[in-house]
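The entries below are kept in the order in which I looked.

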Amino acid sequence: MQPIITIKDVSKTYKSGLQALKPINLEIMKGEIFALLGPNGAGKTTLINIVCGIVNKSSGSVIVDGEDHAAAYKSVRRKVGLVPQELHTDAFERVIDTVSFSRGLFGYPANPAYLEKVLKDLSLWEKRNEKIMALSGGMKRRVMIAKALSHEPRILFLDEPTAGVDVELRRDMWEMVRGLRESGVTIILTTHYIEEAEEMADRVGVINKGELILVEEKKTLMRKLGKKQLTLELQTPLEKTPEGLNGFNVELCGNGYQLVYSFDAQAADTGIPALLRRLNELHIDFKDLHTEQSSLEDIFVSLVHAK
C-alpha cells in the first residue's frame, strides 16, 4: 500500500516559545481510516492544520499524493477536505449556497447532482433552502461536513467531528465515512469517542505533549498491549488475597466478592487451568466467572499515563 501523505520531521514552535509539536514522522496510507488520538492540547489539531495548510510548520516537509505541500499548495489543497472542530459558517446564507460556494472556491465547475447526493447523505436536502442561522447545532455540523466534501477531496480530515452532536448524526456520519473509504477516500480523524476509533480505524496513532508516541495497526495494538481479565464471582467474600495465590496476577475486588485475574490471551499458557486448580486446593468456591478484553480506551490511557 502506497502512502498518500508523508510527514517528515515536521515540528511547530510558536513565537512565545511553546513547542506544540516535536518532530513528527508519519505516513498515511491511501484508502485507510487513520485515527489520531491524544488528550486536549496534545497537538492533534496543530498537526492536521499544518497538513491542510492552515498553520505554518517550523521545520520538516509534507508530501501529499506525491506533491510537496510547500511547492504545490493550491494543487494539494484541492485534494484535501477538512471538517474543523469549530463551526465556521455564514449564518445568513442558505445551506445550498454555502456548499456550492465552497465547491467553487476550489475551482470546480458546478455539479448539482453531486451536491444533491452529499446533502441527501447528510439528511440536509430538505434543509437546503434554509438559512444556516435557523439550523440546530447538529445540522450546522452537517453543513460543515458537506462543505468539506463539496470539492470531492481524495483525503478527508475530521477533527473531532461528532463532538456535541446527536446520536443520529454520529450514525449517519460513520455510515458515510465507510462509503467514502470504499470509494477510495483516505480518512484521518481525531476523536474523543475512542469507541469510534476502535470500530472504524485501520490504524491508530497516539500523540501526547506534541510527540507521536505510537503508530500501530489497531488489531496489532490491541493484541500487543491489550489484556484479558478473568473475573471470578466468589460464594463467600475474602478479606484479603490468600497467600496461596501469590504466584498469580490476581486482585481482590468488589468488596471481597471478586477475584480478577489478568492474563495474556495470546500466550501459549494463560495460567487459567492452574489458577482454577489452586482455587480448588484452597477451597475457594465461586458461583460465576467471565472474561473481558481491554478496550482501545484502556490502552490509550495507559500509554498517555506512561509518558
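What follows are my notes, entry by entry.

**Ground rules.** I am working from a predicted model, in which local features need pLDDT of at least 70 and side-chain atom pairs count only at pLDDT 80 or more, while totals for chains, interfaces and linings use all residues. Residues are numbered from 1 along each chain as its sequence is written, and side-chain values use heavy atoms, with hydrogens and water left out.

**Cysteines.** I looked for disulfides, taking a pair of cysteine sulfur atoms within 2.5 Å as the criterion, and the count came to zero. For burial I used relative accessible area, with under 20% as buried, over 50% as exposed and anything in between as partly exposed (1.4 Å probe, protein chains only). On that scale Cys 52 is buried at 1%, whereas Cys 253 is partly exposed at 23%.

**Helix α1.** Helices and strands here are DSSP runs numbered from the N terminus (H or I of at least four residues for helices, E of at least two for strands). How much of helix α1 (residues 44-51) is buried? I found seven of its eight residues buried, so the helix is largely enclosed by the rest of the structure. Among the buried ones are Lys 44, Thr 46 and Asn 49, along with Leu 47, Ile 48, Ile 50 and Val 51. Just after α1, Gly 53 takes a positive phi of about 85°.

**Nonpolar cores.** I defined a nonpolar core as a set of buried Ala, Val, Leu, Ile, Met, Phe, Trp, Tyr and Cys residues joined through side-chain atoms within 4.5 Å. The largest has 39 residues, of which Leu 156, Leu 158, Val 177 and Ile 187 touch the most other members. Helix α5 (residues 137-149) gives the most to this core, with seven residues. Apart from it lies another core, of 27 residues, which includes Leu 26, Leu 47, Val 51 and Leu 82. I then listed the contacts of Ile 187 (heavy atoms within 4.5 Å). Leaving out residues up to four places away in sequence, Ile 187 touches Glu 32, Ile 33, Phe 34, Leu 156, Leu 158, Val 177 and Leu 180.

**Salt bridges.** My criterion was a side-chain nitrogen of Lys or Arg within 4 Å of a carboxyl oxygen of Asp or Glu, and the count came to 11. Glu 32, already noted as a contact of Ile 187, meets Arg 203 in one of these, at 2.7 Å from N to O. That pair links distant parts of the chain, with Arg 203 in strand β9 and Glu 32 in the loop between β2 (19-29) and β3 (33-37), 171 residues apart. Both Arg 203 and Glu 32 are buried.

Arg 103 and Glu 152 form another salt bridge, at 2.9 Å from N to O. Arg 103 lies in helix α3 (residues 95-105) and Glu 152 in the loop between α5 and β7 (155-159), so this bridge ties together parts that are 49 residues apart in sequence. Here Arg 103 is buried at 4%, but Glu 152 is partly exposed at 36%.

Lys 117 and Asp 121 also pair, with their closest N and O atoms 2.9 Å apart. Both lie in helix α4 (residues 112-121), four residues apart, which is about one turn of the helix. Finally, I noted a network of salt bridges that links Asp 65, Glu 67, Lys 79 and Arg 154.

**Positive phi.** Asp 65, a member of the salt-bridge network, has a phi near 50°. Asp 65 sits in the loop between β4 (59-64) and β5 (67-68) and is buried, at 19%. Lys 209 has a phi of about 55° and is found in the loop between β9 (203-208) and β10 (211-217), where it is exposed at 58%.

**Aromatic rings.** Rings of Phe, Tyr and Trp (its six-membered ring) pair if their centres lie within 6.5 Å, with planes under 30 degrees apart counted as stacked, over 60 as edge-to-face and the rest as tilted. The structure holds one such pair, formed edge-to-face by Phe 248 and Tyr 261, at 6.4 Å centre to centre and 70° between the planes. Both Phe 248 and Tyr 261 are buried.
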